[in-house]
Amino acid sequence: TTQPFDFESLTLDEVETIELITGSSIDTLMQQEKPKGKALKALIYVGKKRTNPNFTLEDAGKVSLKDAQTIFLDESDPKE
């Protein structure tokens with residue numbers, strides 16, 4: 001099962017990695033007008049790297065959008 005992504009548990013090194021990959025501040029990653037691909041890829045990379053040190057940015061790029069969205073949805077979010 002996939003656990004929702006816990007943004008508050010990010011280390012400063014992880015925040016820096018995400019910002020380097022995306023070229024954006026962590027605070028602006030998911031703004032309405034911003035492209036989401038790099039942000040999702042960076043977040044998945046950082047999250048998966050915690051449990052699998054061999055997980056690569058290339059591996060993160062192969063995650064489907066459907067799977068990526070389940071990582072960031074909270075179980076309490078209303079479903080349509």
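A residue is described here as buried when its relative accessible area is under 20%. In this predicted model, buried residues in that sense make up 24% of the 80 residues of the protein, and within helix 2 they comprise A39, L40, A42, L43, I44, Y45 and V46.

The secondary structure of the protein amounts to four helices with zero strands, so that the pattern read along the sequence is α-α-α-α. Of the contacts between residues at least 6 apart in sequence, 49% join residues that are at least 24 apart. The protein exposes about 6000 Å², of which carbon and sulfur atoms supply 51%.

The largest nonpolar core contains 15 residues, and L10, I18 and I44 are the members that touch the most others. Two or more residues of this core are given by each of helix 1 (12-22), helix 2 (37-51) and helix 4 (65-72), with helix 2 giving the most, namely six residues. The length of helix 2 agrees with expectation, because its 15 residues, at 1.5 Å a residue, should span 21 Å, and its end C-alpha atoms are 22 Å apart. As a general point, an α-helix has 3.6 residues a turn, so residues three or four places apart point the same way.

Within helix 2, A42 has a relative accessible area of 0% and is therefore buried, as this value falls under 20%. When neighbours within four places in sequence are left aside, A42 is in contact with I18, I21 and T22. For one of these residues, I21, the separation from A42 is 21 residues in sequence, while the C-alpha atoms of the two residues are 6.3 Å apart in space.

T22, a residue of helix 1, counts as buried because its relative accessibility is 12%, which is likewise under 20%.

How values were computed: Residues are numbered from 1 along each chain as its sequence is written. This is a predicted model: local features need pLDDT of at least 70, side-chain atom pairs count only at pLDDT 80 or more; totals for chains, interfaces and linings use all residues. Side-chain values use heavy atoms; hydrogens and water are left out. A nonpolar core is a set of buried Ala, Val, Leu, Ile, Met, Phe, Trp, Tyr and Cys residues joined through side-chain atoms within 4.5 Å. Buried means under 20% relative accessible area, exposed over 50%, partly exposed in between (1.4 Å probe, protein chains only). Contact means heavy atoms within 4.5 Å. The expected span of a helix is 1.5 Å times one less than its number of residues. Accessible areas come from the Shrake-Rupley method with a 1.4 Å probe; for residues, only the protein chains shown count as cover.
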